[in-house]
Amino acid sequence: MAESGDRAVVGEPRSPWLSTGFVLAAAFIGFIAVIGTVLAVTSDTSASGGSGTAETPAARAAGLPSGSVTDGAACPELADNEQDLPTSAPTDVTWTLYGSVALPSSKEAGPAAAGKDVARCYAHTPVGALLATSQISVRYLAADDWLKVTRTQTVGAGRDAYITDRTEAEETAAPVGDGGSHGQIAGFRFVTYNDTTAVIQTVWRFPDGQMQAATTTVLWQDGDWRLEYPAAPADPAPVDSLAGYTQWGGV
């Protein structure tokens, strides 16, 4: 089960960008539509300020050496070097809550640097790619400094438009409350994997029991996995069961 990491403050206004209705009205599909609603994350009092590599309870719980890798520094070589695709849930994984979503971390596969907003430095392996897509996909939506996460950890033809549209939306739309629901990771399967590209389907389960599968791509660039934000993200697909997927999750 997930341990409590960064915390959400009850009653604090949420960004309208994280409201399901707002996102769908803005015609943002793909992973944003899957995660949707309440993912607000507030500053942790134990962090040393900023959104880079200040150590968080989540990082400490996972035993990650977050304080040893500073912003912009080259990532260390991690212990995981297994290139075979996982056929079962990865071991040595700790789940911690980021806002209201449980995210996975591993001493062997990353992230080796986990701050309040940015979590980076993943193993150049299938498991490293799986952890990267799980972490970055949530953080670029939910982080206080979502702009930094998006600029440093995403690439692709749709990234700049996302930044522009979200920035404009957050300047003009009214904050919303804690409405809606959020999904949790329930399973995964690899579509393709090679040294430079991993395409992964992640199943998200919602409180009402419904599930959706989102297909995301991470690319190995500049010594780390980075989430691709395409010009036209694919729609999430309804899933009736986890047949064909590896069950995996922290909640």
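1. Crossing of H4 and H5. In this predicted model, helix H4 passes helix H5 in a left-handed crossing. H4 spans residues 126-142, and its axis comes within 7 Å of the H5 axis, at a crossing angle of roughly 140 degrees. The two helices are therefore oblique to each other, since an angle has to be over 145 degrees to count as roughly antiparallel.

2. Residues between H4 and H5. H4 contributes Ile 136, Arg 139 and Tyr 140 to this contact, and H5 contributes Trp 146, Val 149, Thr 150 and Gln 153. By class, the residues of the H4-H5 contact are four nonpolar, two polar and one charged.

3. Packing of H5 on H6. Helix H5 (residues 146-153) packs with helix H6 (residues 159-172) at about 175 degrees, and their axes are 11 Å apart. H5 is therefore roughly antiparallel to H6, as the cut-off for that description is over 145 degrees.

4. Residues between H5 and H6. On the H5 side, the residues are Trp 146, Leu 147, Thr 150 and Arg 151. They meet Arg 159, Tyr 162, Ile 163, Arg 166, Thr 167 and Glu 170 in H6. This contact has four nonpolar, two polar and four charged residues. Trp 146 and Thr 150 take part here and also in the contact with H4.

5. The buried side of H5. Which residues of H5 are buried? They are Trp 146, Val 149, Thr 150 and Gln 153. These residues lie on the same side of H5, because they cover an arc of only 105 degrees around its axis. The H5 residues listed for the contact with H4 are Trp 146, Val 149, Thr 150 and Gln 153 as well.

6. What covers that side. The cover over the buried residues of H5 includes helices H4 and H6. It also includes strands E5 (119-120), E6 (154-155) and E10 (224-228).

7. Asp 160. Asp 160 is ten residues from Thr 150 in sequence, and their C-alpha atoms are 9.2 Å apart. Thr 150, in contrast, is buried.

8. The chain as a whole. The protein chain has six helices and twelve strands. Of its 251 residues, 53% are buried. Among contacts between residues at least 6 apart in sequence, 68% join residues at least 24 apart.

Terms used. Residues numbered from 1 in each chain as written. Predicted model: local features only at pLDDT ≥ 70, side-chain atom pairs only at ≥ 80, totals over all residues. Heavy atoms only, no water. Axes fitted to C-alpha atoms, helices over the stretch in contact; angles between N-to-C directions. Helix = DSSP H or I, 4+ residues; strand = E, 2+ residues; numbered from the N terminus. Parallel < 35°, antiparallel > 145°, perpendicular 65-115°, else oblique. Contact = heavy atoms within 4.5 Å. Nonpolar A, V, L, I, M, F, W, Y, C, P; charged D, E, K, R; others polar. Left-handed = near helix turned anticlockwise from the far one by under 90°. Buried < 20%, exposed > 50% of the residue type's maximum accessible area, 1.4 Å probe, protein only. Arc of directions from axis to C-beta.
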